Structures are given as C-alpha cells and as structure tokens.
Amino acid sequence: MRASSHDAPSMADQLPSINFGFDDLRSRMNQFTARFDDFIEKGRKRVLEERNQFRINVAEVQEDQRMKKRDIEILSLKQTQHSQTLAKESAETSEMHTAISTLTTQRDTLLSHRDAVKSQIGEVQKAISARREAQLKHRRYLDGQSRYNEPELEFWESYLGLRIEGLGKEDRLKFVYTNVCEREWEREAWFELDTSDREYKVLEMRPKVEREEVERVLERLNESRDLAAFLKGMRELFVEALK
C-alpha cells in the first residue's frame, strides 16, 4: 500500500497546467520601471536645471537691483550736487544783483555829486571871473587914480602934517600926524582905520580922544565918504586933546 501510494500521481499532477504570462508581465514591468526611472531622472534633471536657472535668474535680478540701486545712489548724489550748485548759483546771482544795485546806487550818487561839483565849479569859476574882472577894473581905476593920489597925498602930508603907513594887514591903515602939539612940536598923534566893512572903524589911537567925538567924525565919513574932511576932523581932535 505504501508503494502504491508513491507510484500513484498526485492531485497536483493531475491538475491542468495554466500559463499566467509571468515572463511577459515581468518584461513589461521592467520596461515600465525603466520608463518610470527615466521619467523620474528626466524630471529630476529638469527640476535641477530649472532650480539652477532660477538661481541664475535670481542672481541676475539681484545684480540688476544692485546696479540699479547704485545708479539710483549716483543719480541721487548728482541730484544733490546739482541742487547745491543751483543754490550756490542762485546765491551768487542774488549777490551779483545786490552788488549791481549797490554799484548802480553809488554810480547815481557819484553822478549826482559830479553834477553838483560841476555846478559848483561853474559857479566858482563865474565868481572868480567876476572877481578877476572886478580886480582888473579896480586896478585900472587905481592906475587911473594914482596920478591924482600922489599930488593929493603930498598935499595931505604938507598941509595936514600927515603920513600914511601900512600895518601888514589887509584893509587896515595907520594915519600919523605931526605938528599937533604946540609945546612938543615933534610929538606925533596917530590912529588906525579899518576899511574892511562898508562902515569904517577907528581901532586904536594915541593920544586918547573922547570916543563920542571920534564916532561923530567917523559917522560923517561913513555917510559922505569924504576922507579929506575926516582926516582934518581927526587932526582937530588930536590938537584939542594935546592942548
């Protein structure tokens, strides 16, 4: 019985053989796996390439931003310098306008002063010309009168015992009388006459004479301009005073 059991076919041997196509499935699975691995590899490469390109793009953008920031800083600096230049030019322009205004005012003042000086010079020149003309006229008059004055002066000196002296001052003369004192025939009497004003004045005299009498004689002189009568009157006052 044991031998027969070993020689007899088993139930598994009696089952029909079935071909499931494991080899084909394995082959297709291997092909799928290869394509999947290739897809994954390509995807990974593409991701790496895209990441690298992104990094490159980011670096380029950052570099571009840095360059633009630098350009902005340069432009800002130039703008600041330009603003400072404009402010400086504006200040210089204002100073120039102020200086021009000041110079214009000074020029106008100088022109006005020059015109005033010219006018004054013209007036002074006219006055000088008029004075020269008057001096020439007076000199001609003196020259014309000199031939009359010398005989008249000789007459006064001989008739009145008078001599005329200069005092070294303009418009001031000294009249000296002699023979005015009967006791002292050589004694002299004199007075100083100031002719600088329209009204003549007697300043000093020797000997002393009453001032009222002198003013009376001087008043007649200023009214009549008769010098001969005045000199005669002064001699009479001195003679009376020395009696």
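**A first walk through the chain**

Guide: This is a predicted model, and of the chain's 243 residues, 14% count as buried.

Visitor: How many helices and strands are there in the chain?
Guide: The chain has five helices and four strands. Going along the sequence, they follow the pattern α-α-α-β-β-β-β-α-α.

Visitor: Is Phe39 buried or exposed?
Guide: Phe39 counts as exposed, because its relative accessibility is 53% and the exposed class begins over 50%.

Visitor: Let's switch to rings. How many aromatic pairs does the count come to?
Guide: The count comes to six aromatic pairs. One of them is Phe32 with Phe36: the ring centres are 6.2 Å apart and the planes are at 20°, so this pair is stacked.

Visitor: Where do Phe32 and Phe36 lie?
Guide: Both are in helix H3, four residues apart, which is about one turn of the helix. Phe32 is partly exposed at a relative accessible area of 46%, and Phe36 is also partly exposed, with 42% relative accessibility.

Visitor: Nice. How are the rings of Phe191 and Phe230 arranged?
Guide: Their centres are 5.6 Å apart and their planes stand at 90°, so that pair is edge-to-face. It links distant parts of the chain, with Phe191 in strand E3 and Phe230 in helix H5, 39 residues apart.

Visitor: Are those two, Phe191 and Phe230, buried or exposed?
Guide: Phe191 counts as buried, with 0% relative accessibility. Phe230 is buried as well, at a relative accessible area of 2%.

Visitor: Which residues do ring pairs link into a cluster?
Guide: The cluster holds Phe175, Tyr177, Phe191, Phe230 and Phe238.

Visitor: What lies over the face of Trp190?
Guide: That is Lys174, at 4.4 Å from the ring centre. There is also Arg225, which lies over the face of Tyr200 at 4.5 Å from the ring centre.

Visitor: Tell me more about Arg225. Where is its place?
Guide: Arg225 is in the loop between H4 and helix H5, which spans 227–241. Its phi is positive, near 60°, and Arg225 is a residue other than glycine. With 32% relative accessibility, Arg225 counts as partly exposed.

Visitor: Which residue has a positive phi of about 60° although it is not a glycine?
Guide: Besides Arg225, you can look at Asn179. Asn179 is in the loop between strand E2 (172–177) and strand E3 (189–194), and is partly exposed with a relative accessible area of 28%.

Visitor: Now backbones again: which residues does a cis peptide bond join?
Guide: Arg206 and Pro207, with omega at about -5°. Pro207 is found in the loop between strand E4 (201–206) and helix H4 (211–224).

Visitor: Last one, about contacts. What share of those with a separation of 6 or more comes from residues 24 or more positions apart?
Guide: Those residues account for 34% of the contacts in the chain with a separation of 6 or more.

Definitions and conventions: Residues numbered from 1 in each chain as written. Predicted model: local features only at pLDDT ≥ 70, side-chain atom pairs only at ≥ 80, totals over all residues. Heavy atoms only, no water. Helix = DSSP H or I, 4+ residues; strand = E, 2+ residues; numbered from the N terminus. Buried < 20%, exposed > 50% of the residue type's maximum accessible area, 1.4 Å probe, protein only. Contact = heavy atoms within 4.5 Å. Phe/Tyr/Trp six-rings, centres within 6.5 Å; stacked < 30°, edge-to-face > 60°. Lys NZ or Arg CZ within 6 Å of the ring centre and 35° of its normal.
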